[in-house]
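Colleague: I would like to go through this model with you, piece by piece. Shall we take it as questions and answers?

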Amino acid sequence: MLESGLHTIRLLESEALQKRNSNLKYLLEIKTDNLLFPFRWQAGMTGSINRKMPELHGGWDSQNSHIRGTFTGHWLSAAAYTVEETKNSELLVRANDIVDELGKIQELNGGEWVFPIPPEYIYGVRDGRGYWAPFYVCHKVLMGLLDMYRILGNTKALEIVLHASGWFTRFLEETSRETLTRMMDQQETGGLMELWADLYSITRDPAHLALMRGFERPALFEPLLEGKDVLTNMHANTTIPEAHGAARAYEVTGEERYRNIAESYWACAVRNRGTFATGGQTSGEVWTPMNQQAARLGDMNQEHCTVYNMIRLAEYLYRWTGDSEYSDYIERNILNGLYAQGHWVSSTMDSICQPLIPERKLVTYYLPLKAGATKKWGTATETFWCCHCTLVQAHSRLREFIYHTQDSSVSVDQFIPSELRTHINGEEILLTQTETDLGGSCNQINNTAVNGYGRPKLWSRDIRITAEKPVAFTLKLRIPWWVKGAPTCYVDGIETPYEKKQGYAVLTGEWKDNIIRWVLPKAVTCWPLPDEPETVAFLDGPVVLAGLVGEERMLYGDIRKPEEFIKPANERLWNYWTGDYRTFNQPVGFYLRPISQIGDETYTVYFPVRPTK
Ligand SMILES: [Zn+2]
């Protein structure tokens, strides 16, 4: 099985690093007292209800929400990942303080219950009452605590989880399978199955294995194993964490049935269903019908939580198989999902031309794909959706997907500037990935920019390997799905042939101080709706382009040759190349730009294209 290089990866200057930093800033802005309030309230520690509390969180985290306090679990998880990378001492102290305080609250609650809601919500769901997702709330809190232990070694956090597991063991003993199944059909359970599998991997306690199996959902898993499509019109973000549960269960038990469930889920959700051009899915939070998307373009496409959670499922499957199908999916959903829906920062030109545009936007619940769409941005603490929760986790874990190692091989899976420091056969190697300089200076004479004169039609990465003495290992470079023509590999400036395997270029050799240049030609291509093949979205390599128009526009041309009606526009600003395009030879022209760069603009992603008369 491949391993993520998570603990040994550091982001370098890039969009990913900017977003990670914006995420860190946001984590620090949220006040500890607010994160703890729902827990203290539940434990009877807040005193009179007449006390003025002007800064309480709103939305899903508000006092009258049944799922208040879930954000705190996500915050702890994101803090753990972020501290592990940045060593930010303020965030570390605050995260540890919150764990300590949750420990005190657990004691006050009798030694087990540590949640921001009363256990009566769970009993209420058991008895058929309409409480909103109490198991989901419990999962988030336990996940945050367990991540504080797994990532940062906070043993108090593990202790709290172990005590809380006692409550669940008793609940399971008291509850019939039939009742539990009904509860799972009624309200989502989040990732409780995955959580118990994680806990079992640490403790190997049969009680935790029993909890993992208890939170299986046969009503979903059995038909998936039979190859049935049970997902059409089913709530996506309820079921994806259940697939995570099966995936983690396979890893901790080795039982093939669990692996088959996770792989069947993927086939049903992605491979057989098809995705939007963005790589995302869902409309109104449910899976669209198989290859039927035209009637589902709307203002509630691809909930942010589903984008993050499907990336996590792809990561599981990639680690088991090493197949580029999954790392391709992750790239597409980072670029057109996570980047498009979170931590938006205005570009230099936006702030010059329209100084009133706010510099920062936090998260959009959905990414609308209808004609004339706008992104609806959430505020820092007033709206508080589930997607704020997955926002902070996603942007604390971007580095997790960049490299993977196995025995004596290293794969470069995502083209995000970063460093990997790892050991192969006992020798330390440092792998540094940077963007190749494609004419990025405007102060010096730059031959690349002068000779190329236009925006390069390629991506290029320089991967430098440094080691004390020569180390033999296999380097694998992803050949992305969008590459236009064969990628070229140069080792120390010399074009070098490579083998192809599972969507990767495979280079075997001894490495000490070498620079590998990986050049990926790209082009603008069309991505049709499966059930309306003459309506297409445009991609620049893997990047979806959004037309800056407020209504559907008919375009005229050949969808196999979009270069005949779309060309670069506004392509150079100071020392960087933009991603802008414009249409030409059309009745009325318009501009397009990467969907991740859309802030408040009205945009349209899909366009009907008819042959030129
Ligand atoms: Zn959400």
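Colleague: How far apart do the C-alpha centres of domain 1 and domain 2 lie?
Modeller: This is a predicted model. The domain assignment gives domain 1 as 402–521 and domain 2 as 524–610. Their C-alpha centres are separated by 30 Å.

Colleague: On the side of domain 1 that touches domain 2, how do the residues divide into nonpolar, polar and charged?
Modeller: Eight residues of domain 1 are in contact with 10 residues of domain 2. The residues on that side of domain 1 divide into four nonpolar, three polar and one charged.

Colleague: Why can the protein chain be called as compact as a globular protein of its length?
Modeller: The secondary structure of the chain comes to 18 helices and 24 strands. For 613 residues the globule rule gives 25 Å, and the radius of gyration is close to that, so the chain is as compact as a globular protein of that length. The C-alpha trace spans about 75 × 60 × 50 Å along its principal axes. The value that settles the matter is the radius of gyration, 25 Å.

Colleague: What share of the contacts with a separation of 6 or more joins residues 24 or more positions apart?
Modeller: Start with burial: buried residues make up 47% of the 613 in the protein chain. Among contacts with a separation of 6 or more, the share from residues 24 or more positions apart is 71%.

Colleague: Is Val 161 buried or exposed?
Modeller: Val 161 sits in helix H7, residues 155–174. Outside its sequence neighbours up to four places away, Val 161 touches Leu 142, Leu 145, Leu 146 and Leu 199. The cut-off for burial is 20 or more other C-beta atoms within 10 Å. Val 161 has 23 within that distance, so it is buried.

Colleague: What separation do the C-alpha atoms of Val 161 and Trp 196 have?
Modeller: Along the chain, Val 161 and Trp 196 are 35 residues apart. Their C-alpha atoms are separated by 10.0 Å.

Colleague: Which helices do the buried residues of H13 pack against?
Modeller: Helix H13 covers residues 256–271, and its buried residues include Tyr 258, Ile 261, Ala 262, Glu 263 and Trp 266. The buried residues of H13 pack against helices H11, H12, H14 and H15.

Colleague: Why is strand E17 said to be largely enclosed by the rest of the structure?
Modeller: Val 543, Leu 545 and Gly 547 point one way from E17, and Val 544 and Ala 546 point the other way. In a regular strand, side chains alternate between the two faces of the sheet. Both sets in E17 are buried. The strand is largely enclosed because the number of its residues that are buried is five of the five.

Colleague: Which residue of E23 is the bridge partner of Gly 547?
Modeller: E17 pairs with strand E16 (residues 532–540) in the antiparallel sense over three bridges. E17 also pairs with strand E23 (residues 591–594), antiparallel over three bridges. In E23, the bridge partner of Gly 547 is Leu 592.

Colleague: Which residue in the turn of the E16 and E17 hairpin has a positive phi?
Modeller: The hairpin has two residues between its strands. Asp 540 has Val 543 in E17 as its bridge partner. The positive phi in the turn, about 65 degrees, belongs to Gly 541.

Methods
Residues are numbered from 1 along each chain as its sequence is written. This is a predicted model: local features need pLDDT of at least 70, side-chain atom pairs count only at pLDDT 80 or more; totals for chains, interfaces and linings use all residues. Helices (H or I, at least four residues) and strands (E, at least two) are DSSP runs, numbered from the N terminus. The radius of gyration is taken over C-alpha atoms; the globule rule is 2.2 Å times the number of residues to the power 0.38. A residue is buried if 20 or more other C-beta atoms lie within 10 Å of its own, exposed if 12 or fewer, and partly exposed in between; C-beta atoms are placed from the backbone. Two residues are in contact if their C-beta atoms, placed from the backbone, lie within 7 Å. Domain bounds come from an automatic or database domain assignment. Ala, Val, Leu, Ile, Met, Phe, Trp, Tyr, Cys and Pro count as nonpolar, Asp, Glu, Lys and Arg as charged, and the others, Gly among them, as polar. Two strands pair if DSSP finds at least two bridges between them.
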